[in-house]
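Subject: Structure for your review

Dear colleague,

Please find below the structure that I am handing over to you. My findings follow it, and I would be grateful if you could read them alongside the coordinates.

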Amino acid sequence: MTKYQTDIAENGGHYWLKRYYFARAAFSIIWVAAALTAGRQSFTIAAILLIIYPAWDAAANYVDAARNGGLANNRSQAINVAVSLVMTVAVIVALTMNMNWVLGGFGLWAIFSGLSQLATAVRRWKTSSGQWAMILSGGQSAIAGAFFIAQALKPVEPSIANVAGYAGLGAFYFLVSAVWLTVSQMRQKTA
């Protein structure tokens, strides 16, 4: 029996999902801290952070989908992986233009990845607790994306701080889902 099959047999895969959500929250918290400190001081560091963020999202979604039956069985995550990889390349190109282009690209990405996250959470609703936070996160991501696009169209050049707020909310929602799953697991064990 594989580790994934053991997780499913023992607790419906909640152990993996809990670890995954904690890892996503931790990464985002570290990314936000780096963006608001070193990223504001150095364009090079900001550029690296802006490239890493969607690349990490692609990798995280790929690993989660692989742990849950593969990309073919998780189409919303397959879309998220593809969109995040395209965004990684788009950020590299946009950084040669200006931050308005970068923020506009992040806006499009936030819309598509948010809707993909929303679809994944809806699919997991019956098998995993804590998905209400992921549904809120996905919906809020799509709304934030529209806001990013509107900001990008303004003449004022945005900074990495604009994206840091978005990443901070993502960290919050992943942390809420991880804690929710942890509490649910503890309740199941005591019941």
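Which pattern does the chain follow when read along the sequence? This is a predicted model, and its chain runs α-α-α-α-α-α-α-α. In other words, there are eight helices and zero strands. The radius of gyration is 17 Å, close to the 16 Å that the globule rule gives for 191 residues, so the chain is as compact as a globular protein of that length.

Overall dimensions and surface

The C-alpha trace spans about 55 × 30 × 25 Å along its principal axes. Of the 191 residues, 47% count as buried. The accessible surface of the chain comes to about 9700 Å², and carbon and sulfur atoms account for 71% of that area. As for charge, the chain carries 13 positive and 5 negative side chains, with the centres of the two sets 6 Å apart.

Nonpolar cores

The largest nonpolar core consists of 28 residues, and Trp 31, Leu 50, Tyr 53 and Phe 106 have the most contacts inside it. At least two residues of this core come from each of α2 (14-36), α4 (43-67), α5 (75-94), α6 (99-124), α7 (131-152) and α8 (160-190). The helix that gives the most is α6, with six residues.

Trp 31 deserves a separate look. Leaving aside residues up to four places away in sequence, Trp 31 touches Leu 49, Leu 50 and Tyr 53, and also Ile 160, Val 163, Ala 164 and Ala 167.

A loop residue

Where is Val 156 found? Val 156 sits in the loop between α7 and α8. Is Val 156 buried or exposed? The relative accessibility of Val 156 is 62%, so this residue counts as exposed, the cut-off for that class being over 50%. The C-alpha atom of Val 156 lies 8.2 Å from that of Asn 100, although the two residues are 56 residues apart along the chain.

With kind regards

Technical notes:
Residues are numbered from 1 along each chain as its sequence is written. This is a predicted model: local features need pLDDT of at least 70, side-chain atom pairs count only at pLDDT 80 or more; totals for chains, interfaces and linings use all residues. Side-chain values use heavy atoms; hydrogens and water are left out. Helices (H or I, at least four residues) and strands (E, at least two) are DSSP runs, numbered from the N terminus. The radius of gyration is taken over C-alpha atoms; the globule rule is 2.2 Å times the number of residues to the power 0.38. Buried means under 20% relative accessible area, exposed over 50%, partly exposed in between (1.4 Å probe, protein chains only). Accessible areas come from the Shrake-Rupley method with a 1.4 Å probe; for residues, only the protein chains shown count as cover. Lys and Arg count as positive and Asp and Glu as negative; His and the chain ends are not counted. The place of a charge is taken as NZ of Lys, CZ of Arg, CG of Asp or CD of Glu. A nonpolar core is a set of buried Ala, Val, Leu, Ile, Met, Phe, Trp, Tyr and Cys residues joined through side-chain atoms within 4.5 Å. Contact means heavy atoms within 4.5 Å.
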